[in-house]
Amino acid sequence: MSESMSSAQLLDLRQFSLQPGTTLIEASAGTGKTFTIQYCVLDLIFKGLELKEILVLTFTESATQELRARIQQFLSQVYQDLQQAHPLKEPLHSVLARARSQQSTADLIHKLAQAIQQIDEAPIQTIHAFCQRSLQEHAFLSQSDFERELVTDLGPIRERLVGDFVRRANHVFQL
């Protein structure tokens with residue numbers, strides 16, 4: 001394990017600046033992962049990425065739905081705050097101050113409006129859904145079927161395998 005991977009770093013939302021690449025947020029339940037992800041998404045949008053270019057992965061479908069709703073609500077609130085020039089609390093004040101040092105408030109509002117319109121296209125998915133989509137989109141490269149399907153109930157497959165085994169075993173014993 002590399003040095004950068006072995007030591008966790010505390011993310012200060014007032015001072016952070018995401019770099020190109022992968023950002024992993026790992027924390028226990030109830031520690032503010034969704035809150036942090038909202039700010040990471042906002043930072044990337046202000047840096048010029050479209051929401052549909054920002055991949056957010058989580059474990060469960062319910063977490064995916066909650067994350068999508070919270071990101072949409074957060075972006076809408078920031079959009080309203082910017083349009084109406086509301087006083088901003090930390091860490092949003094610091095994030096917007098950094099963004100405003102690079103571009104105008106009108107540009108930031110425009111980027112937020114675009115992001116809010118793209119929320120349904122945002123790749124906020126479970127890890128399984130992302131992998132399945134990747135295999136389907138790259139079927140030639142992955143040498144997999146075009147119609148590959150994620151199976152959640154293994155019962156029918158198990159029954160078929162047991163039936164095949166029993167038939168083969170009976171055939172061998174009858175010889």
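Some ground rules come before the structure. The model is predicted, so local features need pLDDT of at least 70 and side-chain atom pairs count only at pLDDT 80 or more, while totals for chains, interfaces and linings use all residues. Residues are numbered from 1 along each chain as its sequence is written, and side-chain values use heavy atoms, with hydrogens and water left out.

I start with the overall layout. The protein has eight helices and two strands. Helices here are DSSP runs of H or I with at least four residues, strands are runs of E with at least two, and both are numbered from the N terminus. Read from the N terminus on, the order is α-α-β-α-α-α-β-α-α-α. The protein has 175 residues, and 28% of them are buried. Buried means under 20% relative accessible area, exposed means over 50%, and partly exposed is in between, with a 1.4 Å probe and protein chains only. A contact means heavy atoms within 4.5 Å. Of the contacts between residues at least 6 apart in sequence, 70% join residues at least 24 apart.

Next, the helix pairs. Two packed helices are described by the angle between their axes and the distance between the axes. Axes are lines fitted to C-alpha atoms, for helices over the stretch in contact, and the angles run from 0 to 180 degrees between N-to-C directions.

How does helix H2 pack against helix H4? H2 covers residues 33–46 and H4 covers residues 92–100; their angle is about 15° and their axes are 10 Å apart. That makes H2 roughly parallel to H4. The cut-offs are under 35 degrees for roughly parallel, over 145 for roughly antiparallel, 65 to 115 for roughly perpendicular, and oblique for the rest. The crossing of H2 and H4 is right-handed. A crossing is right-handed if the near helix is turned clockwise from the far one by less than a right angle, and left-handed if anticlockwise. On the H2 side the contact uses Tyr39, Leu42, Asp43 and Phe46, and on the H4 side Leu92, Val95, Leu96, Arg98 and Ala99. By class, this contact of H2 with H4 has seven nonpolar, no polar and two charged residues. For the classes, Ala, Val, Leu, Ile, Met, Phe, Trp, Tyr, Cys and Pro count as nonpolar, Asp, Glu, Lys and Arg as charged, and the others, Gly among them, as polar.

H2 also packs against helix H5, residues 105–117, at an angle of about 120° with the axes 9 Å apart. That makes H2 oblique to H5. This crossing of H2 and H5 is right-handed. Leu42, Ile45 and Phe46 of H2 meet Leu108, Lys111, Leu112 and Ala115 of H5. The contact of H2 with H5 has six nonpolar, no polar and one charged residue.

Is Leu108 buried or exposed? Leu108 is buried, at 0% relative accessibility. Leaving aside neighbours within four places in sequence, Leu108 is in contact with Phe46, Leu82, Leu96, Ala99, Arg100 and Gln103. Leu108 and Lys47 are 61 residues apart along the chain, with their C-alpha atoms separated by 9.6 Å.

Side chains of opposite charge can pair when their charged atoms come close. A salt bridge is a side-chain nitrogen of Lys or Arg within 4 Å of a carboxyl oxygen of Asp or Glu. The count comes to five. In one of them, Asp43 pairs with Lys47, the closest N and O atoms being 3.2 Å apart. Asp43 is buried at 7% relative accessible area, whereas Lys47 is partly exposed at 42%. Another joins Glu66 and Arg70, with closest N and O atoms 3.2 Å apart. Both residues lie in helix H3, residues 61–83, four residues apart, about one turn of the helix. Salt bridges that share partners join Glu50, Lys52 and Glu121 into one network.

Last, the loop between H3 and H4. Most residues other than glycine have a negative phi, and most peptide bonds are trans. Ala85, in this loop, has a positive phi of about 55° although it is not a glycine. Ala85 is exposed, at 64% relative accessibility. Pro91 is in the loop between H3 and H4 too, and a cis peptide bond joins Glu90 and Pro91, with omega about 0°.
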